Amino acid sequence: MNLNKVMMILAAGFLACGRPAPQRPNVLVILIDTVRADHLGCMGYHRNTTPTIDSLAREGTIFTACQAQSSWTLPAMATILSGLNAREHGAGRRYDALFGVSGAIPWMPHIFKTEGYETGAFFNVLFMSSDFGFHRGFDHFDCPPLHPELPSRNAGETVDAFLGWLEEVPRGKPFFAAVHFFDPHLTYAPPEPWSTLFTDPAYEGEYNSLWGGVPQLNAVHFGRDTIPPEGLANLIALYDGELAYTDMQLGRLLDRLSAMGLSENTLIVVVGDHGEEFLEHGGMDHGRTLYQEICHVPLVFCGPGVPRGQVISTLVAQLNVLPTVLSLSGIETAASSLFSPGFEAVPVPAGDVLWREGDLASLVFDGKKLIWGVDEDFTEQYDLSLDPGETVSLQADPVMMGELEWYYGTPALAEAPFVNVEGSMQQNLRNLGYIR
């Protein structure tokens, strides 16, 4: 599909620009970094990590089989906000270079700004900064710069920033906001009391809230360190504490929406960009593989037009977020909404890894998953219904392989801009572990 066709599809709703529908809903997109779907209470997790998200799922609809389109933040977030896969939008890493978001592709905030919405962004990682093109369409763009010696803004500070902006939005004007929480990302250092909420008080080992720097991760990935079970349990407990803290702050945000009389007419979307490894396939962190601990992410819709109390197990993707949000907001789009009566699952691709010499691509469909090592030319095929942990590789399905090759050969719909990360930006990325 070429760029002109994509733009024609998404621009169908722009014809009524300047004539917003009565009671057009506000839109709040909650973007949670590094969140595994299987660590949410509403997904059956054994810890009470996410009571706020669980309540949104009960009041709205949760999609229990949502697939990410990449293993790391830049390409995955670009997919959520553009409705394009990683090959189509081109934002990510190629040949050890980084590329941002083209100004020529569809972009959720730009669409809502064109429709007369007040738009605001609250992001917390360099890959979602204006350097990478994420600012387009936002009236208010808030993405603090990286600093190697200072922690990133936590969920509480992010909520404060959002609420401060919301107070200034003219009453009666609909708003679109994207709020990004970075807390579950390594290192796992939630504030008290969440830092001890799930941990064993008797544990005094090295795998704590300071663990997770590049040398430590490399030691694990290259076989120089083996994390013992009690150490892994402590890291997972800290990670769960980060989720619980983030969820509490999301609850504070929603309480304020209710107090301002905005909750009844606000569409809320909660979606993750990618998951996290906990040694399931020999590694920690993310950006190295495309297994399900990385690609299975949460997706919840709640608010006007969303069916209440639905749990949908149909295969869906981050690709579906944009057309669904547009449709629920009364903006015409030819792409299928997740709530369209005729919505059908289609093969879902993923690609773009950060910490490998060669690239990977994957495809999920009909309970099966194929992973392709593009440069090394190997395949791994899994039956997810019988082997959800992806432990026994089968012979590659030739039909799925054909689909995956077609996906990987998809040309970008617009030229993704090269982002020069030399100088201070490169040093900051290196200090924070994004360049190894």
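Figure 1. Strands β2 and β13 pair in the antiparallel sense over two bridges; two strands are said to pair if DSSP finds at least two bridges between them. Strands (E, at least two residues) and helices (H or I, at least four residues) are DSSP runs, numbered from the N terminus. Strand β9 is also antiparallel to β13, and four bridges join them. Within this pairing, I268 stands opposite C302. Both faces of β13 are covered, with L299 and F301 buried on one side and V300 and C302 buried on the other. Buried denotes under 20% relative accessible area, exposed over 50%, and partly exposed the range in between, computed with a 1.4 Å probe on protein chains only. In a regular strand the side chains alternate between the two faces of the sheet.

Residues are numbered from 1 along each chain as its sequence is written. The model being predicted, local features need pLDDT of at least 70 and side-chain atom pairs count only at pLDDT 80 or more, whereas totals for chains, interfaces and linings use all residues; side-chain values use heavy atoms, with hydrogens and water left out.

**Figure 2. The open sheet of eight strands.** The strand order is β7-β6-β8-β1-β9-β13-β2-β14, with mixed pairing. The edge strands, β7 (140-142) and β14 (310-312), each pair on one side only. From one strand to the next, the twist averages 10 degrees. Axes are lines fitted to C-alpha atoms, for helices over the stretch in contact, and angles run from 0 to 180 degrees between N-to-C directions. Strands β1 (residues 26-32) and β9 (residues 266-272) run parallel and are joined by seven bridges. In this pair, N26 stands opposite T266 in β9.

Figure 3. Contact here means heavy atoms within 4.5 Å. Helix α10 (residues 321-328) lies across β1, β9 and β13 (299-302) and runs at about 175 degrees to β9. In helix α2 (residues 51-59), the buried residues are T52, I53, D54, L56 and A57. These buried residues of α2 pack against β1, β2 (61-63), α8, β9 and β13.

Figure 4. One cavity of 30 Å³ or more is counted, and the largest cavity holds about 40 Å³ of space. On a 1 Å grid over the protein atoms alone, a cavity is a set of points where a 1.4 Å probe fits but cannot get out, and lining residues have an atom within 4 Å of a point. Grid points are joined across faces, edges and corners, and the volume is the space filled by probe spheres set on the points. The lining consists of I32, V35, L40, T50, I53, L243, T246, D247 and L250. Helix α8 (residues 229-259) gives the most to this lining, with four residues. By class, the lining residues are six nonpolar, two polar and one charged. Ala, Val, Leu, Ile, Met, Phe, Trp, Tyr, Cys and Pro count as nonpolar, Asp, Glu, Lys and Arg as charged, and the others, Gly among them, as polar.

Figure 5. Most residues other than glycine have a negative phi, and most peptide bonds are trans. A cis peptide bond joins L186 and T187, with omega about -5 degrees. The peptide bond from E192 to P193 is also cis, with omega near 0 degrees. D377, although not a glycine, has a positive phi of about 60 degrees; D377 lies in the loop between β18 (368-373) and β19 (378-383). E390, likewise not a glycine, has a positive phi of about 55 degrees and lies in the loop between β19 and α11 (398-408). D377 counts as exposed because its relative accessibility is 58%, whereas E390 counts as buried at 2%.

Figure 6. Not counting residues up to four places away in sequence, S337 touches P323, T324, S327 and F343. V346 is found in the loop between α10 and β16 and, with the exclusion of residues up to four places away in sequence, touches L315, V364 and F365. V346 and D366 are 20 residues apart in sequence and 8.6 Å apart in space, C-alpha to C-alpha.

Conventions
On a 1 Å grid over the protein atoms alone, a cavity is a set of points where a 1.4 Å probe fits but cannot get out, and a pocket is an open set with protein on both sides within 12 Å along at least five of seven lines; lining residues have an atom within 4 Å of a point.
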